[in-house]
Amino acid sequence: QIKAMDILDHNDFLCRIQELSKHHRIIAIVGTVNVPLEKIPSFSASDVLAGDGLDRIAQLVQKEQEYVKIKRSLKKMSLKKYVRGMDVEELFDEVREIIDELEKRLNLSLPGDVKIGMLLHIGFLVDKLVHQGKATVFVNVAEYKRQHTQEFKIAQQSFKELEERYQIKMTEDEIAYIVKMCLENDLGSD
């Protein structure tokens, strides 16, 4: 769905975006005035009309459609019987945001199937941690952390809200697995 909005009144525009975000996923903003928002890509009208903006928006729409399909599939699978006592759709959306944030902050390009795997891994991990399941061990975690200090910090920051919300603590071992998944599956790497 495309919504036409007035960007000239910046505060009103931001309020409308915030209100729309409560009920819809905003994929992108296109306008003659650049309105940079954290987590929502924006494109200039000239990029869309004469540049590669339309292609990039099409990729964002395709990515969104893939997530919607996954969400429907997970719902059909009755994931609720595997993730106990949590709103699975809400957890799914939160984890999706974290994966997108990691991809952006680590400057990576992850394939869709890897993101799906990460989504499932992290979702089940949250369930395991909430229910005090046994921790997974990452061999030589201290050395891996030393080699990837910046990536570790970014991942730990990205999981802070999730940890607080579910009252869990992501172990360094789990952070190492997630960082490794990201780095080893980057389409931008050789």
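How many aromatic pairs does the structure hold? Before I answer, please note that this is a predicted model. The structure holds two aromatic pairs.

Let me take them in turn. In the pair formed by Phe138 and Tyr144, the ring centres lie 5.0 Å apart and the planes meet at 55 degrees, so this pair is classed as tilted. Phe138 is buried, its relative accessible area being 8%. Tyr144 also counts as buried, with a relative accessibility of 12%.

The other pair brings Phe138 together with Tyr177. Here the centres of the rings are 4.8 Å apart and the planes stand at 75 degrees; because angles over 60 degrees count as edge-to-face, this pair receives that description. The pair of Phe138 and Tyr177 links distant parts of the chain, the two residues being 39 residues apart. Phe138 sits in the loop between helix H5 (112-130) and helix H6 (141-147), while Tyr177 belongs to helix H9, residues 172-184.

Taken together, Phe138, Tyr144 and Tyr177 make up one aromatic cluster.

Which residues make the nonpolar surface patch? Ile116, Leu120 and Phe124 do, and the patch covers about 200 Å². Phe124 lies in helix H5.

Methods: Residues are numbered from 1 along each chain as its sequence is written. This is a predicted model: local features need pLDDT of at least 70, side-chain atom pairs count only at pLDDT 80 or more; totals for chains, interfaces and linings use all residues. Side-chain values use heavy atoms; hydrogens and water are left out. Rings of Phe, Tyr and Trp (its six-membered ring) pair if their centres lie within 6.5 Å; planes under 30 degrees apart count as stacked, over 60 as edge-to-face and the rest as tilted. Buried means under 20% relative accessible area, exposed over 50%, partly exposed in between (1.4 Å probe, protein chains only). Helices (H or I, at least four residues) and strands (E, at least two) are DSSP runs, numbered from the N terminus. Patches are made of residues with over 30% relative accessible area and no salt bridge: like charges are joined within 9 Å, nonpolar side chains (Val, Leu, Ile, Met, Phe, Trp, Tyr) within 5 Å. Accessible areas come from the Shrake-Rupley method with a 1.4 Å probe; for residues, only the protein chains shown count as cover. A salt bridge is a side-chain nitrogen of Lys or Arg within 4 Å of a carboxyl oxygen of Asp or Glu.
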